Amino acid sequence: MHAQVESVEREFVTNAAHELQSPLTAIVSAIEVLQAGAKDTPERDIFLDHIEQASLRLARLAHALLVLARAESGAEPPKTELVPLAPLLDDVAARLRTLDGVRIHVSCAPETAVLTNRALLEQAVQNVAENAAKYTKSGTIQLAAHAARGAADISIQDSGPGIAEAERERVFERFYRGQGADETGSGLGLAIVRAAMRALDGEVELDSTVGEGTTVRIRLPHAASLVEP
């Protein structure tokens, strides 16, 4: 048990260092621009908003990583709560940074919910959606959720370049970066998604067609409804 805890702690430090790098870089860059004189221009509020959004992302990410580390070590199972899925998907969509012309569509009935850990689920959906936004140059990114046979199904579908069959399983490995991967990526985003699903007793699967796009599906037990039957 002691060796398992030490191994999880090492992986947590590695994951945290890589995942925290992106929002920290955004904050530092915005501060440098402000210090260079932008604080006295009309663009000041834009850079302050960048700092605020990156800081909020840091807080969410740190919390999710801590919950994940405790769950993987067996020290503390993730606490569950009733999570409405429509506002969660709306929040994720609102934070996405896409190229001009890429549309984001959210499809989820307002009553659809699931009993799970919100921090881990939101981080998993965010990681998948950010991957979709990074590689989708045109078309649509769709975030959808529905309940079926007692489970909650969440899908993130994009119209990006797709993933070759030989790489589809490997994209969930830690530090794996496939052909054409963004050089700024850490190779940890989808690995954290899979780890989060293990902690939540959920499943994640990926379907992709080269030249057409990719769909990632997350399935969690214990679907719920915000409306009394």
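Which residues does Gln126 touch, not counting residues up to four places away in sequence? They are Val92, Arg95 and Leu96. The model is predicted, and the protein in it has 229 residues, 39% of which count as buried. This briefing covers confidence, architecture, the nonpolar cores, the salt bridges and selected individual residues.

**Confidence**

- The mean pLDDT of the protein is 82, and 79% of its residues reach 70 or more.
- Confidence is highest in β5, at 97, and lowest in helix α1 (residues 2–19), where the mean is 63.
- Where pLDDT is low, the predicted coordinates should not be read in detail.

**Architecture and surface**

- The protein contains six helices and eight strands.
- Read from the N terminus, the order of the elements is α-α-α-β-α-β-β-α-β-β-α-β-β-β.
- Among contacts in the protein with a separation of 6 or more, 72% are accounted for by residues 24 or more positions apart.
- The protein has an accessible surface of about 12400 Å², and carbon and sulfur atoms make up 53% of this.
- A nonpolar patch on the surface is formed by Leu82, Leu115, Leu226 and Val227, which together have about 340 Å² of accessible area.

**Nonpolar cores**

- The largest nonpolar core comprises 37 residues, and Val125, Ile154 and Ile218 have the most contacts inside it.
- At least two residues of this core come from each of α4 (85–95), α5 (118–135), β4 (140–148), β5 (151–157), α6 (189–199), β6 (203–209) and β7 (213–221).
- Helix α5 gives the largest share of this core, with eight residues.
- Leaving aside residues up to four places away in sequence, Val125 touches Leu88, Leu89, Val92, Ile154, Ile156 and Ile218.
- Another core, of six residues, lies apart from the largest one and includes Ile27, Ala30, Ala54 and Leu58.

- Gln126 lies in helix α5 and is buried, at a relative accessible area of 6%.
- Arg95, one of the residues that Gln126 touches, also forms a salt bridge with Glu122 through their side chains (2.8 Å, N to O).
- Because Arg95 lies in helix α4 and Glu122 in helix α5, this pair ties together parts that are 27 residues apart in sequence.
- Glu122 counts as buried, at 9% relative accessibility.
- The side chain of Glu122 also meets that of Arg118 in a salt bridge (3.4 Å, N to O).
- Glu122 and Arg118 are four residues apart in helix α5, so about one helical turn separates them.
- Arg118 counts as partly exposed, at 24% relative accessibility.
- Asp91, Arg95, Arg118 and Glu122 are linked in a network of salt bridges.

- The whole structure holds five salt bridges, one of which joins the side chains of Arg219 and Asp153 (2.6 Å, N to O).
- Since Arg219 lies in strand β7 and Asp153 in strand β5, the pair ties together parts that are 66 residues apart in sequence.
- Arg219 counts as partly exposed at 31% relative accessibility, whereas Asp153 counts as buried at 13%.

- The buried residues of α6 are Gly189, Leu190, Ala191, Ile192, Val193, Ala195, Ala196 and Met197.
- Ala191 and Glu173 are 18 residues apart in sequence, with their C-alpha atoms 5.4 Å apart in space.
- Glu173 lies in the loop between β5 and α6 and counts as partly exposed, at 35% relative accessibility.

**Positive phi outside glycine**

- Asp201, in the loop between α6 and β6, has a positive phi of about 60 degrees although it is not a glycine.
- Asp201 counts as exposed, at 64% relative accessibility.
- Arg149 is a residue other than glycine with a positive phi, near 55 degrees.
- Arg149 is placed in the loop between β4 and β5 and is exposed, with a relative accessible area of 75%.

Note on methods:
Residues numbered from 1 in each chain as written. Predicted model: local features only at pLDDT ≥ 70, side-chain atom pairs only at ≥ 80, totals over all residues. Heavy atoms only, no water. Core = buried A, V, L, I, M, F, W, Y, C linked by side-chain atoms within 4.5 Å. Buried < 20%, exposed > 50% of the residue type's maximum accessible area, 1.4 Å probe, protein only. Contact = heavy atoms within 4.5 Å. Patch = residues over 30% accessible without salt bridge, like charges linked within 9 Å, V, L, I, M, F, W, Y side chains within 5 Å. Areas by Shrake-Rupley, 256 points an atom, 1.4 Å probe, with all protein chains shown as cover. Salt bridge = Lys/Arg side-chain N within 4 Å of Asp/Glu carboxyl O. pLDDT = per-residue confidence, 0-100.
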